[in-house]
Amino acid sequence: MTLETIKSEIETKVPGCVLEIVPNPSPSAQHSLRIDPAHAVAIATFLRDSEDLRFDYCSNVTGIDWPDKEISEKVKVKQIVDGVEKEVEEVRKSHTIGYLEVVYHLFSMEKKHGPVILRMRTEDRAEQVHLPSLTPVWQSAEFQEREIFDLYGVIFDGHPDLRRILMWDGFKDHPMRKDYVEPDDYEYEPTAHDEVLERARQHRTVMGAQ
Amino acid sequence: MSTVTEPARIYPASPADTGESQLLELSMGPQHPSTHGVFRMDVVLDGERVMKLKPVFGYLHRNHEKIAEHETYLGSMPYTDRLDYICSLTNNWAYALAVEKLAGIQVPERAEYIRVITAEMTRFLNHSALIGFLTQDMGASGTPLMYAFRERETILDLFESLTGARMMCNYMRFGGCRVDLPAGWLDQARKFVATLPRFMDEFERLLASNEILMARTQGVGVMSKELAVNAGVTGPILRASGVNYDLRKVDKYGIYDRFAFKIPLGEHGDTYDRYMIRMLEMRESVKILNQALKDIPEGPIIDPKTKIRGFRPKPGEAYGRIEAPKGELGFYLVSDGTANPYRYRVRSSCLVNLTVLEQLCIGHNVADVVVILGSIDIVMGEVDR
């Protein structure tokens, strides 16, 4: 069964959902399906329970961080310089808002097919980092979603037990994010992260460095 | 339409309400031989009975995935040894397979055979060591574990002469293996594999109908098919619950479609079945080993055109998975065209298999927790990464 037929089947069964096929140019050709968070649980339940799909096994849940990007493009613009029209190169900067992405790899133990890859994206990286949890559909996502909450800071709504799993409870930051800065004073871990940085900053001032 | 049960934890009613007994909160671990590494369980007990159990881990967390994002693709290969440090060769294979999928690399036939031979030996040593540890957890001090370790040492000697290391093998490469088999290695391996059926008989005679083993394991920690599938449990403990799902048959990765072997299935899904499945899988591994050692052809072990240095796969992503001794071990790689992976994810079978620990333990005695945990077979290097 191709991803296109699965997509159209979901569209008929889950009205109002927004789906998009994300192509994968690598030789593996594992294309994925981007789903909208609002209908995620309905889509997941359909994929699990549908008679001919039966994706009863959610193998892998991955978080990916895509930071904000500044793209500068060189565009040729026609301008009137000294009364003569000329082509002038202009640098245009555009700013794309980054997001956090969660990827689910689904297989079917009953039908022995797969994978179908689902992706969900948050709106940005700071404020709107809520995504629906798929743990009520597949319990195998429980620890893996906790791990993504821990390491990426995605808040899974509807997760039964959303706590830090690998880092300790008092830890503040999310280490797998691309812009994570390590504390420069490992001696004092596990004290609170910001306190260590502040102490290190004061230390530098006292020592006469910057 | 739905036949699958929604995952829900049903906790027994608290006896504290009746005023008859008090609940005791106990911290098991993290430093104890029975926890198989630095692993802790917060257990709520009513007398001896487990009411609630929360696994706590992360003591061995070193953020392997973040380290890999700053490494080249090949640079992560030695780190994969440290995931499940008992089975480094299958870890190597899973990672190599994911990269081969990502870049579209073919593997020569001889290398595929070497991979199968080393992987099945790894499966054998993992299962025999696990049964040893399991009986150790039940209080059989030493004897079965020493029997298991005797065979394990011979396999590790073979690994050492092949790869240079007993446990941290770092042997597979993208598109093949690092070095060819040393002279006489195949004969040595054949001679050793020929002794394995005798060891299996002996090991089975020692344990399979042992009264204490049966009393401690039969009917303990029963896992239903539905729970096992929904919780993403893989490997021997899934098949002990009667679900026929083995990636060697399903995905037929490598050359597994060339060998005749069976997938043993359990009936009850209890701890005894989980023990027995491993005994049976070891016998199947011996079958595969015999066939592979007979058929292995001459030829190159790596495609000479494969780029080792400056390896930059095209942008894209790939998920590769194999049937590691403990379950599905997968690697999910996202490439942005540079020499370092943009995202490197380890789908750890041990971590996901732990999801069911609480459901298996609830209602049993606290001494059974140790046995159930032992039968799940975790290695903290892979749980914490």
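I looked up Asn170(B) and found it in the loop between α5 (143-163) and β4 (172-173) of chain B; helices (H or I, at least four residues) and strands (E, at least two) are DSSP runs, numbered from the N terminus. This is a predicted model, where local features need pLDDT of at least 70, side-chain atom pairs count only at pLDDT 80 or more, and totals for chains, interfaces and linings use all residues. Residues are numbered from 1 along each chain as its sequence is written, chains are lettered from A and ligands numbered from 1 in the order in which they are written, and side-chain values use heavy atoms, without hydrogens and water.

I noted that most residues other than glycine have a negative phi. Asn170(B) is not a glycine, yet its phi is positive, about 50°.

I then checked Asp377(B), in the loop between α14 (366-376) and α15 (380-384) of chain B. Its phi is also positive, near 70°. Asp377(B) is buried, with a relative accessible area of 5%.

Next I turned to chain A. I read off four helices and nine strands, in the order α-β-β-α-β-β-β-β-β-β-α-β-α. The C-alpha trace spans about 70 × 65 × 30 Å along its principal axes. Of the 210 residues in chain A, 47% are buried. Among contacts (heavy atoms within 4.5 Å) with a separation of 6 or more, 53% join residues 24 or more positions apart.

Conventions: Buried means under 20% relative accessible area, exposed over 50%, partly exposed in between (1.4 Å probe, protein chains only).
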